[in-house]
Amino acid sequence: MTSSRLHTPIDVLFTRLTALRPDKQLTNFDNALRSRLANLDARCLYFAYGPAALAECPFCKSDEPATFFYYTLPTILYPHLLNLFVLGLATSTAIAGKEGGRWRTMAALVGSCLAIADCYMVGAYDWKGNSRATRSTDLDFFYWRMRTIRGLAIVALDVGLAGLLWATSTNRLLVIPVSSAERLESVTKIMEATRGKLGAVGMIRNVTVRDENLRKKAETYWRREGEVMGEVMDEKEVVEGIRGALESGRMNVTTIEEEAKRYAESIFATPEVSSTG
């Protein structure tokens with residue numbers, strides 16, 4: 001923010017910072033940070049673990065750098081834990097169905113590995129590396145760089161998982177054939193639904209035949225239907241259209257009769273019972 005070197009005197013550094021504040025006054029956070037940036041190690045730790053670790057940590061000491069890592073560990077893990085919760089919801093069978101459960105374990109493993117790798121990179125970072133920097137452009141802003149990498153890695157994981165869910169759910173990738181049990185269950189449900197519809201049609205037909213008024217209405221409808229269709233078939237345009245189709249070969253009566261015959265035979269055919277022994 002102030003484009004200062006690592007060895008810039010503390011008074012000069014915060015004088016520049018004061019000039020950048022809107023009201024030209026340092027905040028309580030700035031004053032707490034100023035009291036901690038007294039030596040070179042503290043300044044190096046600032047670039048490694050961020051300003052909050054130096055200004056707010058009550059037990060961190062410059063001669064014990066591991067304490068800064070312990071303080072920032074919850075901050076590092078928080079976005080990963082939140083992302084694991086989101087991944088768990090996105091891959092739950094209640095939300096994503098069977099395809100979501102297919103990727104649930106892998107999503108949890110990759111998310112956990114990402115969190116572990118993040119913690120390892122922060123913990124293994126050589127925080128004293130900035131002590132050799134002589135210019136502000138040579139400084140390694142590790143804390144802010146890791147925040148950016150952490151966010152991009154989480155976004156990449158979520159986008160990749162979303163792409164896999166979409167591809168597998170739409171059978172564009174890694175298609176799993178339907179098992180015999182699932183096919184049998186599907187066919188059974190269709191047969192049960194068809195049987196229910198046929199039963200309902202039979203009941204309606206039975207009521208129609210037994211009731212005199214309904215029977216008369218049905219007879220009137222079908223008689224009127226025959227008259228209307230007869231009139232339509234007798235129209236000049238229809239007759240010419242049928243004649244043209246027959247003459248041009250677009251309508252093959254023999255083929256139509258054979259297809260109708262096969263269809264009728266398939267309906268009334270007796271199922272073969274295989275004998276054993």
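Predicted model: local features only at pLDDT ≥ 70, side-chain atom pairs only at ≥ 80, totals over all residues.
The chain has 277 residues, of which 21% count as buried. Its secondary structure comprises twelve helices and zero strands. From the N terminus on, the order of elements is therefore a run of α entries, α-α-α-α-α-α-α-α-α-α-α-α. Contacts with a sequence separation of 6 or more were also examined. Of these, 50% link residues 24 or more positions apart.

Helix α3 spans residues 40–49. Seven of its ten residues are buried, so α3 is largely enclosed by the rest of the structure. The buried residues are A42, R43, C44, L45, F47, A48 and Y49. The N-terminal end of α3 is capped by N39. Here a side-chain oxygen of N39 lies 3.3 Å from the backbone nitrogen of D41. Just after α3, G50 adopts a positive phi of about 90°.

Y49 of α3 is buried and is also a contact partner of T72. T72 sits in helix α5, which covers residues 66–90. With a relative accessible area of 9%, T72 falls under the 20% cut-off and is therefore buried. Its side chain reaches the backbone oxygen of F69 at 3.1 Å. Beyond its neighbours within four places in sequence, T72 is in contact with Y49 and A53.

The structure holds one disulfide. A disulfide is a covalent bond between the sulfur atoms of two cysteines. In this model the bond joins C57 to C60, with an S to S distance of 1.9 Å. The torsion about the S-S bond is about 80°, so the disulfide is right-handed. Both partners are shielded by the same cut-off. C57 has 4% relative accessibility and counts as buried. C60 is buried as well, with a relative accessible area of 6%. Another cysteine, C119, is buried with a relative accessible area of 15%.

Helix α8 (residues 142–169) packs against helix α7 (residues 104–123). The two helices meet at an angle of about 170°, and their axes are 11 Å apart. An angle over 145° counts as roughly antiparallel, so α7 is roughly antiparallel to α8. On the α7 side, the contact is formed by A107, V110, G111, L114, D118, M121 and V122. On the α8 side, the partners are F142, M146, R150, A153, I154, L157 and L161. By class, this contact has eleven nonpolar residues, one polar residue and two charged residues. G111 of α7 takes part in the contact, and Gly is classed as polar. An α-helix has 3.6 residues a turn, so residues three or four places apart point the same way.

Helix α8 also meets helix α6 (residues 93–102). The axes of α6 and α8 come within 10 Å and cross at roughly 105°. Angles of 65 to 115 degrees count as roughly perpendicular, and α6 and α8 are therefore roughly perpendicular to each other. E99, G100 and R102 of α6 make the contact with L165, T168 and S169 of α8. By class, the contact has one nonpolar, three polar and two charged residues.

Methods
Residues numbered from 1 in each chain as written. Heavy atoms only, no water. Axes fitted to C-alpha atoms, helices over the stretch in contact; angles between N-to-C directions. Helix = DSSP H or I, 4+ residues; strand = E, 2+ residues; numbered from the N terminus. Parallel < 35°, antiparallel > 145°, perpendicular 65-115°, else oblique. Contact = heavy atoms within 4.5 Å. Disulfide = S-S within 2.5 Å. Buried < 20%, exposed > 50% of the residue type's maximum accessible area, 1.4 Å probe, protein only. Polar contact = N/O pair within 3.5 Å; in protein donor to acceptor, adjacent residues only side chain to side chain.
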